[in-house]
Amino acid sequence: MFNLDYLREINGFIHIDAELYHYYDSGPGSLNHKYYSDGFEIKTKYFEALRDYCESQMNFTKEQYAEFWLKYFKALQRVVDSVYEYNGHKINDKIHDILESNTYKEVLHNVTINRSKYKFITRIDIWLFGHEMYLINYMLRKVLQKLR
């Protein structure tokens, strides 16, 4: 949120198309995997602010919007995973509430209409979530993660 506020205050910036750092995901103990009881609300607030900024300050291409929606989908997927893991690998009301929310439905709709732009495994991921097969989706992602 700080970065978005900062970008609104500057006159411009330069984009360098190079990977200048590598993010190392250190697993279950990392901040990316930590459970937050308000994780869904945090991610929703962040992505809504990011979308507002992009729509008001940038001229996104269809491909960039497709990437935005995929990042949003993956972020919400991590929130659901976090709730599932925190609750001893049980589906609970909080997961149902997230998957039934208008926000989640909007994100799922947008990744579904852009699915042709994504890799095959990502399209399977989206299809499973769209057909309420969360557990199969979760297990498949865990198996693929171990294979990597």
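A word on the model. It is predicted, so local features need pLDDT of at least 70 and side-chain atom pairs count only at pLDDT 80 or more, while totals for chains, interfaces and linings use all residues. Residues are numbered from 1 along each chain as its sequence is written, and side-chain values use heavy atoms, with hydrogens and water left out.

Back to aspartate 125. Where does aspartate 125 lie? It sits in helix H6, residues 120–130. Helices are DSSP runs of H or I with at least four residues, strands are runs of E with at least two, and both are numbered from the N terminus. Aspartate 125 is buried, at 5% relative accessible area. Buried means under 20%, exposed means over 50%, and partly exposed is in between, with a 1.4 Å probe and protein chains only. Lysine 74 is partly exposed, at 24%.

The pair is also a salt bridge, 2.6 Å from N to O. The rule: a side-chain nitrogen of Lys or Arg within 4 Å of a carboxyl oxygen of Asp or Glu. Lysine 74 is in helix H3 and aspartate 125 in helix H6, so this bridge ties together parts 51 residues apart in sequence. Then it widens. Through shared partners, salt bridges join Lys74, Asp81, Asp125 and Arg141 into one network.

What surrounds aspartate 125? Setting aside neighbours within four places in sequence, its contacts are Phe73, Lys74, Gln77, Asn137 and Arg141. Contact means heavy atoms within 4.5 Å. Take glutamine 77 from that list. Glutamine 77 is in helix H3. It is buried, at 3% relative accessibility. With the neighbours within four places again left aside, glutamine 77 touches Asp125, Phe129, Asn137 and Arg141.

Next, the other salt bridges. The count comes to 9. Two of them meet at arginine 51. One partner is glutamate 48, with the closest N and O atoms 2.7 Å apart. Glutamate 48 and arginine 51 are separated by about one helical turn, because they are 3 residues apart in helix H2. Glutamate 48 is partly exposed, at 21%. Arginine 51 is buried, at 15%. Another partner is glutamate 106, again at 2.7 Å, N to O. This pair links distant parts of the chain: glutamate 106 is in helix H5, residues 102–113, and arginine 51 is in helix H2, 55 residues away. Glutamate 106 is partly exposed, at 30%.

Now the aromatics. How many aromatic pairs does a search of the whole structure find? The search gives 15. Rings of Phe, Tyr and Trp (its six-membered ring) pair if their centres lie within 6.5 Å; planes under 30 degrees apart are stacked, over 60 edge-to-face, and the rest tilted. Start with phenylalanine 68 and tryptophan 69. Their ring centres are 5.1 Å apart and their planes stand at 80°, so this pair is edge-to-face. Tryptophan 69 also pairs with tyrosine 72. Here the centres are 5.9 Å apart and the planes are at 10°, so the rings are stacked. Tryptophan 69 and tyrosine 72 are both in helix H3, residues 62–86, 3 residues apart, or about one turn of the helix. For tryptophan 69 the relative accessible area is 5%. Phenylalanine 68 is buried too, at 6%.

There is also a cluster. Ring pairs link Phe73, Tyr84, Tyr104, Phe129, Tyr134 and Tyr138. Phe73 is among the contacts of aspartate 125, and Phe129 is among those of glutamine 77.

Last, the surface. Ile14, Ile16 and Leu20 make a nonpolar patch of about 390 Å². Patch residues have over 30% relative accessible area and no salt bridge; like charges are joined within 9 Å, nonpolar side chains (Val, Leu, Ile, Met, Phe, Trp, Tyr) within 5 Å. Areas come from the Shrake-Rupley method with a 1.4 Å probe, and for residues only the protein chains shown count as cover. Isoleucine 14 is in the loop between helix H1 (2–9) and helix H2 (39–57). It is exposed, at 77%.
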